[in-house]
Amino acid sequence: MPARAPLLRRDRSRQAAPQVLDHLRERILSLELAPGSVLSRAELAQAYGLSQTPIRDALLRLGEEGLVDIFPQHATVVSRIDVAAAQQAHFLRRSIECEIARVLAARPDSALIARLKAQLELQGALTGEESYPAFMAADREFHALMYAAAGVPELAELVRRRSGHVDRLRRLHLPTAGKLRQILKDHRRIVEAIAAGDPEAAQAAVREHLSGTLGRVEEIRRLHPDYLDG
């Protein structure tokens with residue numbers, strides 16, 4: 001972790017630890033901090049211009065999420081991707097989002113459809129640019145809109161906290177030729193099924209959408225053997 005790490009633009013109205021947590025998590029999920037990276041509490045405190053207390057608290061939370069391995073009195077290291085944990089997170093997300101799709105398709109809402117289509121337009125522009133971080137942010141927003149519309153926004157946070165391993169697998173898979181276009185195509189199918197008021201088609205579209213990355217685990221492992229466990 002170099003001292004020249006990008007500084008956190010802190011919101012002074014919020015506590016420091018949650019902001020450091022979000023920033024470090026994003027750097028881990030984007031693979032800027034790759035599996036095996038050593039995180040020095042002292043160096044992080046210097047880079048962020050903070051005491052070591054909020055850094056310690058953020059690292060403990062990342063440890064609870066399985067994104068770092070903490071070796072007391074020795075080191076904190078970004079964890080390797082746990083395939084078994086990724087599979088369980090995928091099961092949780094698929095179960096929740098299939099039900100969300102069913103609920104939304106059972107009572108289509110024109111305002112929601114308009115918001116989802118606006119997200120599709122944004123994602124289409126980002127697909128052309130192959131802007132992976134921005135595309136991932138737009139992807140999260142697309143799904144967050146569905147959680148909120150179904151009245152379960154807190155479940156989006158639950159899934160996010162559980163999905164660090166599968167999210168890193170997805171980041172490794174994103175550069176695959178045609179992957180961004182396939183995600184956009186999947187999203188369009190989901191929106192079309194919801195707009196058509198077809199719960200079964202909406203669930204099938206979500207199920208297919210979420211099946212891609214885990215079906216390519218062995219290929220990802222072959223390309224990135226040092227990143228995966230299990």
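1. Helices here are DSSP runs of H or I with at least four residues, strands are runs of E with at least two, and both are numbered from the N terminus. Contact means heavy atoms within 4.5 Å.

2. A word on the model before going on. It is a predicted one, where local features need pLDDT of at least 70 and side-chain atom pairs count only at pLDDT 80 or more, while totals for chains, interfaces and linings use all residues. Residues are numbered from 1 along each chain as its sequence is written, and side-chain values use heavy atoms, with hydrogens and water left out.

3. Now to the sheet under discussion. Three strands form an open sheet in the order S1-S3-S2, with antiparallel pairing. Strand S1 (38-39) and S2 are the edge strands, each pairing on one side only. Two strands pair if DSSP finds at least two bridges between them. S2 is joined to S3 by four bridges, and S1 to S3 by two.

4. Val-68 has Val-78 in S3 as its bridge partner, and Leu-39 stands opposite Thr-76 in S3. From S3, Ala-75 and Val-77 point one way, Thr-76 and Val-78 point the other way, and all are buried. Buried means under 20% relative accessible area, exposed means over 50%, and partly exposed lies in between (1.4 Å probe, protein chains only). The hairpin of S2 and S3 has three residues between the strands, and there Gln-73 takes a positive phi near 65°.

5. Next, have a look at Glu-65, in the loop between helix H3 (52-64) and strand S2 (68-71). With a relative accessible area of 12%, Glu-65 is buried. Leaving aside residues up to four places away in sequence, Glu-65 touches Leu-21, Arg-25, Arg-161 and His-165. The side chains of Glu-65 and Arg-25 are joined by a polar contact of 2.7 Å. A polar contact is a pair of N or O atoms within 3.5 Å; within protein, one must be able to donate a hydrogen and the other to accept it, and residues adjacent in sequence count only if both atoms are side-chain atoms. Gln-87 is 22 residues from Glu-65 in sequence, and their C-alpha atoms are 15 Å apart in space.

6. Arg-25 leads us to H1, where the buried residues include Leu-21, Leu-24 and Arg-25. Helix H1 is largely enclosed by the rest of the structure, because 10 of its 14 residues are buried. The buried residues of H1 pack against helix H2 (41-48), H3, S2, strand S3 (75-78), helix H7 (153-162) and helix H8 (164-173). The length of H1 (residues 16-29) also checks out: at 1.5 Å a residue its 14 residues should span 20 Å, and its end C-alpha atoms are 20 Å apart. The expected span is 1.5 Å times one less than the number of residues. Just after H1, Leu-31 takes a positive phi of about 70°.

7. Another loop to visit is the one between helix H10 (199-209) and helix H11 (217-223), where Ser-211 lies. Ser-211 is partly exposed, with a relative accessible area of 38%. A polar atom of the Ser-211 side chain lies 2.7 Å from the backbone oxygen of Glu-208. His-90 is 121 residues from Ser-211 along the chain, yet their C-alpha atoms are separated by 8.5 Å.

8. Finally, the whole chain. There are 11 helices and five strands, and buried residues make up 45% of the 230 residues. Along the principal axes, the C-alpha atoms fill a box of roughly 55 × 45 × 30 Å.
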